[in-house]
Amino acid sequence: MKPIASSLLFSLLLTIACQSNQTETGKRSPISDTGKFYPIGLFIKEQIQYVDLRNFYIYKVSVTDGKKDSAAITKDQFIEWANIFPDKDISLPEKKGFYKEDVFHDLSTGSLTLNYTPVNPEAPIQNIAVLLAEETNLVKRIFIKTVYTRGDTLVTEQCNWKANKSFQVNRIFTTGNGYKRTELNYINWNDTP
């Protein structure tokens, strides 16, 4: 009789535990996960220090609605632009649970791709891809797509960091009345175009 009672008690406890983990319909909760996401913020801070400690000629090429402009920029201007990336670091504990990670080994590029997508499709950060060299596990590139609103304008932002070389911050601004503007920003300190 005791084995049947303990089986019933175990089944009852299991049922209660499973029901208490369910969320209300329509609400999304963070994913509980103990794995580590790639620390994008730390990587970018190291890259900023790398540039700050050297005397690279840093320049920015901007293309706004097809009109191109280029100019040398200071290290402070470089840092201001580069700080767009650490703000999008999802490896922080308060953000990590809202994203899931997939890993893909791309034999054609010799890369391991860590791909992060949000649990909630309405999240501002829509996708992050970190490409690592398969032999060294060092970052080759980071791609971040973000969608957010600024006032009445929808902003689609695509950021791309090429390790030890350059980065891009490209934006498309769209309003409800049909206005659209594109802005491409390329910051280079050690890349040969």
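Student: What makes helix H3 count as lying across strands?

Tutor: This is a predicted model, where local features need pLDDT of at least 70, side-chain atom pairs count only at pLDDT 80 or more, and totals for chains, interfaces and linings use all residues. Residues are numbered from 1 along each chain as its sequence is written, and side-chain values use heavy atoms, with hydrogens and water left out. Helix H3 (residues 75–82) lies across S1, S7 (153–162), S8 (166–175) and S9. Contact means heavy atoms within 4.5 Å. H3 runs at about 60° to S8. Axes are lines fitted to C-alpha atoms, for helices over the stretch in contact, and angles run from 0 to 180 degrees between N-to-C directions. Helices (H or I, at least four residues) and strands (E, at least two) are DSSP runs, numbered from the N terminus.

Student: How do you know that S1 and S9 pair?

Tutor: Pairing takes at least two DSSP bridges. S1 (residues 59–64) and S9 (residues 180–188) have six, in the antiparallel sense. Thr64 stands opposite Glu183 in S9.

Student: Why is the pair Tyr59 and Tyr186 called edge-to-face?

Tutor: Ring centres of Phe, Tyr and Trp (its six-membered ring) must lie within 6.5 Å; planes under 30 degrees apart are stacked, over 60 edge-to-face, the rest tilted. Here the centres are 6.5 Å apart and the planes 70°, so the pair is edge-to-face. Tyr59 lies in S1 and Tyr186 in S9, so the pair ties together parts 127 residues apart in sequence.

Student: What makes Arg181 sit over Phe173?

Tutor: The rule wants NZ of Lys or CZ of Arg within 6 Å of the ring centre and within 35 degrees of the ring normal. Arg181 lies over the face, at 4.3 Å from the ring centre.
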